[in-house]
Amino acid sequence: MAPSSSPVSFTVRHRDPELVVPAKPVPYEQKQLSDVDDQEALRYQIPFIMFYDSNSNPCMEGEDQVKIIRAALAEALVYYYPLAGRLKEGPDGKLLVDCSGEGVLFLEADADTTLELLGDTIQPPCPYLDQLLYNVPGSTGIVGCPLLLIQVTRLMCGGFVFAIRWSHIIADAVGMFKFLNTIAEMVPGATKPSFLPVWQRELLNARDPPRATYEHHEFDEVNDADYGTMNDDTIIVHKSFFFGHREMSSIRKHLPPHLRASSSFLVLTACLWKCRTIAMQLDPNEIVRVSYMVSASGKEGLKLPAGYYGNAFTFPVALSEAGLLCKNPLEYGLELVKEIKNRLSEEYTRSAIDLLVIKGKKQYRTVRDFVIADTTRVPFGEIDLGWGKPVYGGPAGAIKDVSFFAKFKNGEGDDGIVVQVSLPWQIMERFQKELAKMAGNSSNDQFCRNATEVTRSKL
């Protein structure tokens with residue numbers, strides 16, 4: 001049977017959820033979170049997923065993926081023991097981690113389908129997430145709930161799916177990769193991780209006294225009444241778009257020669273921002289924004305250890321009047337997006353953390369903003385749990401007003417970037433038409449896939 005390009009139907013049989021605890025005794029203590037961790041904007045859970053085939057490692061033939069991964073998880077938790085604890089509220093209202101060793105939620109499951117049948121439908125937003133990462137009742141809270149939920153699902157072909165959902169407060173994607181890579185290292189019998197985990201969350205606390213030395217538009221106040229065109233019944237559509245060499249080449253043709261060598265991330269960000277703004281049909285004088293997550297790891301002066309696995313990022317913003325972004329060539333938006341990178345420094349990061357505390361750790365502004373998280377540089381596709389690298393590893397779907405960029409290889413064997421976008425259905429239709437003009441792909445069904453609908457009150 002040919003691989004599917006549309007969601008397929010299958011059944012998943014779940015075993016009862018269990019708690020996996022560290023394989024050895026661990027310290028019982030309480031650990032402080034950083035000011036970056038403990039912000040309202042991160043009080044939700046992130047689902048990621050990895051699909052593995054059955055033919056990558058003959059040495060593991062006949063071995064039970066669930067049993068081996070469960071054991072490796074317990075060994076990894078010895079080093080990452082705070083993940084086996086629970087969040088609790090401290091006396092000052094700041095969240096902290098109670099390292100109680102209670103364990104992480106783990107599910108064993110079997111699905112009556114194959115990786116071949118699933119085909120390209122595994123790209124985000126994953127239409128099977130409810131089955132491949134069962135939402136255990138009572139597990140979605142922040143305080144007092146398990147920090148991780150993991151499900152390992154065997155497939156009929158001998159492959160399997162590893163899905164994880166974690167509390168964003170405890171780690172960002174880079175930090176979670178380090179934990180998952182430790183599980184991978186424990187599978188063949190490693191006794192300790194290549195990089196020992198480091199807590200030291202105080203490294204990303206605000207200065208005393210806090211002082212904002214830069215302008216940070218990501219914290220601008222916004223009046224929801226100014227964006228009242230949507231109501232509680234607004235239908236939001238989540239779609240993913242694939243950008244391979246063909247699509248990126250088409251987009252670059254809209255740039256002058258001296259800008260065509262710009263990174264795919266910057267070019268694609270500018271293109272999506274422009275198409276999205278055109279589709280929204282805003283007043284030409286309205287200010288529109290794009291922001292993308294920039295990792296603080298490796299920034300000179302911050303001195304974050306290699307094993308640091310807490311949240312370490314800022315969300316700098318580029319601004320434009322909607323009319324200017326829509327009517328100007330693509331290079332206009334690209335230059336604005338590139339300016340974001342020019343502002344980044346240790347002092348900029350410190351200033352952002354300080355302002356976060358000054359403003360009482362309120363949410364980042366997201367209403368009408370295009371917010372991007374780039375996971376293409378986080379090698380989830382390299383995590384080998386004993387059966388080779390995943391066919392796909394990365395974000396599983398729509399998350400909290402954020403569009404994820406992820407690496408993906410489509411059914412034609414083309415490597416590229418898949419981007420998930422969420423918009424009201426009428427705006428989505430216009431957005432897709434504008435994007436097709438830029439990417440030269442109006443008739444390619446590989447270009448757009450996996451649409452789901454939900455109701456939500458604000459964009």
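Reader: What do buried, partly exposed and exposed stand for here?

Author: Buried means under 20% relative accessible area, exposed means over 50%, and partly exposed covers what lies in between. Asp415, with a relative accessible area of 56%, is therefore exposed. Please keep in mind throughout that this is a predicted model.

Reader: Ok, and which residue forms a salt bridge with Asp415?

Author: That is Lys409, and the closest N and O atoms of the two are 4.0 Å apart. Lys409 itself counts as partly exposed, at 45% relative accessibility.

Reader: How many salt bridges are there?

Author: The count comes to 20 salt bridges. One of them joins Arg201 to Asp37, with 2.9 Å between the closest N and O atoms. Arg201 lies in the loop between helix H4 (173–186) and strand S10 (235–243), while Asp37 lies in the loop between strand S3 (29–32) and strand S4 (45–52), so this pair ties together parts that are 164 residues apart in sequence.

Reader: Are those two buried or exposed?

Author: Arg201 and Asp37 are both buried.

Reader: And what does Glu347 pair with?

Author: Glu347 forms a salt bridge with Arg207, where the closest N and O atoms are 3.1 Å apart. Because Glu347 belongs to helix H9 (residues 346–358) and Arg207 to the loop between H4 and S10, the pair ties together parts that are 140 residues apart in sequence. Glu347 is partly exposed, with a relative accessible area of 28%, whereas Arg207 counts as buried at 17%.

Reader: Which residues are linked in a network of salt bridges?

Author: The network links Arg13, Arg15, Glu18, Asp64, Arg70, Glu108, Asp110 and Arg154. As a general point, side chains of opposite charge can pair when their charged atoms come close.

Reader: Switching topic, how many disulfides does the structure hold?

Author: The structure holds zero disulfides. As for its cysteines, Cys99 is buried, with a relative accessible area of 1%, and Cys126 also counts as buried, at 8% relative accessibility.

Reader: Last one, where is Gln151 found?

Author: Gln151 is found in strand S8, which runs over residues 148–155, and Gln151 is buried, with a relative accessible area of 0%.

Reader: What does its side chain make polar contacts with?

Author: The side chain of Gln151 makes a polar contact of 3.3 Å with the side chain of His14, and another, of 2.9 Å, joins it to the side chain of Thr153. Leaving aside residues up to four places away in sequence, Gln151 touches a set of residues including Val12, Leu107, Gln131, Tyr134 and Phe162.

Definitions and conventions: Residues are numbered from 1 along each chain as its sequence is written. This is a predicted model: local features need pLDDT of at least 70, side-chain atom pairs count only at pLDDT 80 or more; totals for chains, interfaces and linings use all residues. Side-chain values use heavy atoms; hydrogens and water are left out. A disulfide is a pair of cysteine sulfur atoms within 2.5 Å. Buried means under 20% relative accessible area, exposed over 50%, partly exposed in between (1.4 Å probe, protein chains only). A salt bridge is a side-chain nitrogen of Lys or Arg within 4 Å of a carboxyl oxygen of Asp or Glu. Helices (H or I, at least four residues) and strands (E, at least two) are DSSP runs, numbered from the N terminus. A polar contact is a pair of N or O atoms within 3.5 Å; within protein, one must be able to donate a hydrogen and the other to accept it, and residues adjacent in sequence count only if both atoms are side-chain atoms. Contact means heavy atoms within 4.5 Å.
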